[in-house]
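Here are a few notes to read alongside the structure. Have the sequence and the 3D view open, and take the points one at a time.

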Amino acid sequence: MKIGLIVAMQSEFDLIVKIMEQPKVENIGKLTFSSGIIGDKQIVLMKSGIGKVNAAIACVEMIKNFGPNCIINTGLAGGIDRNLSVMDVVLGQDVVYHDVWCGDGNDYGQVQGLPHFYKADDELLKKAQKISSDVKILSGLITTGDKFIDDSKYLNDIKEKFPQGIAADMESAAIAQTCYLYDIPFLAIRIISDTPGIENHYQQYLDFWNKAPEKSLEIIKQLIA
């Protein structure tokens, strides 16, 4: 079985490469991939870059060049639910765009002609829900858009449109849409790095990197196993 892992940032990529056996890093165009082994699984890891377009292009290139059996998108997300704290983990039971509107006849967040919500692969989700950790792990709706959410007004707008939303990121829905179109099982698993709307929000995001690496790696290793 070959598992595709997509992350957005170099820091996330570097963390996972450290736990790969026999990593082979290669560039395809401007995209960076690393093939290797974690446990008894073949892994293809890639850094997509931030945002929906980068994520979708990267996902297509992974599918075409490496043929993974499933794709997991991991990384950071902002917590948009009061029950979430920094370091909690969110499994994307569903993902949706929070910044898409195609006009009358479509739901807000729906790309016309495609599903409103993209559902996680049932088997991947069930396996992820069995992860044992001392951090809280929740399944729910992840919202995606090309905006780092740093003000309460925009956060409130997302919550008004998607009251069930628990996290926000900048890639998950684009990768989910691509996997839907290519019939590839998909799951988004995100660690909460910040909680938008609070005072000193950006500093909270920066501080996260002092605490997160070991916890992040432990969860990824369990999920792959």
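1. Let's start with Tyr182, which lies in helix H5. Keep in mind that this is a predicted model.

2. Now look at another residue of the helix. Ile175 lies in H5, which covers residues 172-182. Buried means under 20% relative accessible area, and Ile175 has 0%, so Ile175 counts as buried.

3. What is Ile175 in contact with, once neighbours within four places in sequence are left aside? The list is Ile6, Ala55, Cys59, Ile71, Asn73 and Phe186.

4. In sequence, Ile71 and Ile175 are 104 residues apart, yet their C-alpha atoms are 8.7 Å apart in space. Ile71 has a list of its own: not counting residues up to four places away in sequence, Ile71 touches Gly4, Ile6, Cys59, Met62, Ile63, Ile175, Cys179, Ile184, Pro185, Phe186 and Leu187.

5. Which residues touch the most other members of the largest nonpolar core? They are Ile71 and Ile175, in a core of 32 residues. Elements that give two or more residues to this core include strand E3 (31-38), strand E4 (41-47), strand E5 (70-79) and strand E10 (186-194), as well as H5. Helix H2 (52-66) is on that list too, and H2 gives the most to this core, with 6 residues.

6. Finally, turn to the strands. Strand E6 (residues 89-97) and strand E8 (residues 137-144) run parallel and are joined by 8 bridges. Leu91 stands opposite Ser139 in E8. E8 also runs parallel to strand E9 (residues 165-169), and 4 bridges join this pair. Here the bridge partner of Thr144 is Asp169, in E9. As you trace the strands, remember that side chains in a regular strand alternate between the two faces of the sheet.

How values were computed
Residues numbered from 1 in each chain as written. Predicted model: local features only at pLDDT ≥ 70, side-chain atom pairs only at ≥ 80, totals over all residues. Heavy atoms only, no water. Buried < 20%, exposed > 50% of the residue type's maximum accessible area, 1.4 Å probe, protein only. Contact = heavy atoms within 4.5 Å. Pairing = 2+ DSSP bridges. Core = buried A, V, L, I, M, F, W, Y, C linked by side-chain atoms within 4.5 Å.
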